[in-house]
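Here is a short report on aromatic contacts. Have the sequence and the model at hand.

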Amino acid sequence: MKKTCTFLACSLFGLYTLNLVASSDIDSPPYLTDCTQQYFKITGKVTDEFGTPVANASVMIKELQKGTATDTKGIYVLERIPAGTYTIEIRNLGKKTITEKLTVSNSDYDLNITLYDKSEELQGVTLEGHLISILPSSSKTESVAKIPLKAIETPQVYSSLPKEVLANQLIYTVDDAYRNITGLQKMWNATNRSGDGGTFVNLRGFISNNSMRNGLVAPVSTSIDAINLEKLEVLKGPSATLFGSSVTSYGGVINRVTKKPYDGLGGNISVIGGSYNYYRAQADFNTPITRDKKLLFRVNTAYTNSGNFQKKDAKNSNFAFIPSLAYTVNDKLDINLELEWFDTDAIPEQMFFYLSPALGTDNFRDIEKMGLDYKNSYMGDDLNTKARVRNFFGQINYRINDHIRSSTNVSTAYSQSDGFNPYFYIGPESTETQDPNDVRLGVVRADQSTTDSKQKHFQIQQNFNLDFNLGTMRNRAVAGFDYLRTKNEQNFIFFSVFDWAPFSGGDYATMNAETVSARYDELRNTPGYDFNANNTYPITGVLNTYSAYISDVLTPAEGLNVMASVRYENNQFNGGKSGQADTQAYKQAAWSPKFGAVYEIVRNQFSVFGNFQNSFTSNGYYLTNSNGDMALSDPEKANQWEGGFKANLMAGRINATLSYYNIDVKNSLLSTGEYVGAQAVQKQSGSLTSKGIEFEVNAYLLRGFSLIAGVSYNDSRYTSTDELNADVYDRRPTTASSPWLANFNASYQFMDGGLKGLGFGIGGNYASDNKIVNSVSQGIFVLPSYFVLNANAFYDTKKFRIGVKADNFTNEHYWIGYTTANPQALINVLGSVTYKF
């Protein structure tokens, strides 16, 4: 028979509960019936006030000086406990410490513990061992503010996408996961080129890419496999204060939170196949290495081979291998190690550059009517790029005391690429024949390859998290130091035109690895032609970045959180090359402040927030006049003001955010139109404003039913009145993406009955017209609006899971582009089978 005891303890900040469930017989006498020493076991689970397991909590028997720490599921075990009365102490950073008496008599004990935040009051009742309380707006995350905060008490807007959503939708890359993020539009798929090859997206009118992993710099130049993704977090707005200037965008930061080892044996194996000769095998395997489960190992790996909708026999291959180790030394110290290994051998997507109303139209849909074949590949075989990514991460976490925690982080990132990168534009046949009478439009084919192109990052980051009281006010803070070294050894080679080909009926196989290589050799061996000077574009140099930052969240009154943060960053560039132009060395420092406030009008349910966020860019030296004079530019700066509301309604079943933002960018460099050699003369007078509104909702209205949806509007305009800006003044930048974006995904899974485990979903994305050319002199050229629909179904059991999806099932022709037009995949179907163990 189990006995449940409820303890209420009070402190300066309120009440908390401790539920003790003892598996002893209440009729048994509280003494041993013989003189033989007996030992017992105390086990249990530690959760927070929201029912979330608390990992690495310290559970100590003070009289025996015997303790342990909870695992990732909040479970702990204390063994060989002799009979007696003991004081049990349970500690975790940021939580109220619990100290209670417990008598061990004649049986093992099951002791379940609920820990509360130091600032939280008991918001429910205890009934038969179950706590009924107000649910949070979301689980806490430390990635956004580098301080553990709930979404409703964070003054910054961010989107969070868990791995379960990806599993339901049969999404296997981070690039495809972006479809679920409000206000994000994909601009380029990965080209695999070192340095600039990763997927480019747009956030709040600014180009961004995936450069962060668990808050550390970890760019990936290939498509990012999602096999190791626990959660995708997208932080909105300028974020240099906590993450630095060199890897953040004024529109936001994309951070991937990776899977961690746990203390059990388990995992899964999946096989997937589908359209365009797609097949994939993946596995997730986890096991403890030591018997005490202090050393844990996990490996996630996947291999994918596929064609694409234009070239089904392309045989693009992607390999991911991500092993990780977690070692709990004791209740204060733990160590985590992880390696990201990505190999890719693939052709890039088909991109069309240099689009203009001079072609006789202002939108790309008309180009199709002129004869361009949307489904045709205009390239031959083997024009692949081989890319390698090797990212290593190490972390040491140490709990100094109940109020201070240290985290030491080391990260290295390496990308390398070799191979072809064909690109295209629309032009008349005279491009090849040089006869002005040949006006028939077709495809001009060219290439820009990389040869042993490399980019390397090395980062050391030290953080101290503090959680203490100033009088009656709770104070949470992070102070950190960061060193980042970025080394570029990138080398691009190219030629202007390979040939011209008609829209249809041409022999497109003539542009292949053999013929393009021969063209490069021809240029290299041409007498009097300096191949290196005319056909290479190196990007070289080392940038050392030294930073220190502090961020503090003060709670002066219940429900009110005030944040103040600042970063000092010093950038030291040693000089190098940007094409054939020398880039001079420079040293430049800047401050980046951040402020925010959140007030919970209804505690844990409805809050109003506002923030000021800052970021900057060191653009180095620029050419000031035609005489060749140089000057060090002032840092380009972006300042955001934002305000809005966050809601956590119906006991946490509806979470929503509504916000309005205004981002002003100053000190941008503008070209005067003059050149000294290949280097442009510039003036530091550019400015623009990006403002907009975003609404995002995550709803769980019925058991088994979930909805992710959002809509955003962005108005970006050049605001400088300088005469150099006259061509684009008051116009939308060509890199600002579509003004209107919307996304949704609705999913339902049967939770009971004969259909238990069966689920299905439908989702879609809308984007308005995207102006990729927009100036007085060049006119306007548009990528048309699109609405793409996707559907999925699955059946999930304890041991098996099967799934099927159909992306773009309406066969929509649509283009994305970063000043380019890139046709996207038509309808494609995938099926998967997973075995879980």
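What follows covers ring pairs, a ring cluster and charges over rings in a predicted model.

## Ring pairs overall

The whole structure holds 31 aromatic pairs. Two of them are described below, each by the distance of the ring centres and the angle of the planes.

## Phe200 and Tyr818

Phe200 and Tyr818 make a tilted pair. Their centres are 5.6 Å apart, with 40 degrees between the planes. Phe200 belongs to strand β15 (residues 200-203). Tyr818 sits in the loop between β49 (815-816) and β50 (822-823). The pair therefore ties together parts that are 618 residues apart in sequence.

Phe200 has 12% relative accessibility, so this residue counts as buried, because the cut-off for buried is under 20%. Tyr818, at 24%, counts as partly exposed.

## Phe800 and Tyr835

Phe800 and Tyr835 also form a tilted pair. Here the figures are 5.4 Å centre to centre and 50 degrees between the planes. Phe800 is in strand β48 (residues 800-807) and Tyr835 is in strand β51 (residues 828-836). The two residues are 35 apart, and their pair links distant parts of the chain.

Phe800 is partly exposed, at 48% relative accessible area. Tyr835 is partly exposed too, at 38%.

## A ring cluster

Phe200 and Tyr818 are also members of a cluster linked by ring pairs. Trp188, Phe353, Tyr354, Tyr423 and Tyr425 belong to this cluster as well.

## Charges over rings

Arg519 places its charged end over the ring of Phe495, 5.8 Å from the ring centre. Lys646 has its charged end over the ring of Phe609, at 5.3 Å from the centre.

Key. Residues numbered from 1 in each chain as written. Predicted model: local features only at pLDDT ≥ 70, side-chain atom pairs only at ≥ 80, totals over all residues. Heavy atoms only, no water. Phe/Tyr/Trp six-rings, centres within 6.5 Å; stacked < 30°, edge-to-face > 60°. Helix = DSSP H or I, 4+ residues; strand = E, 2+ residues; numbered from the N terminus. Buried < 20%, exposed > 50% of the residue type's maximum accessible area, 1.4 Å probe, protein only. Lys NZ or Arg CZ within 6 Å of the ring centre and 35° of its normal.
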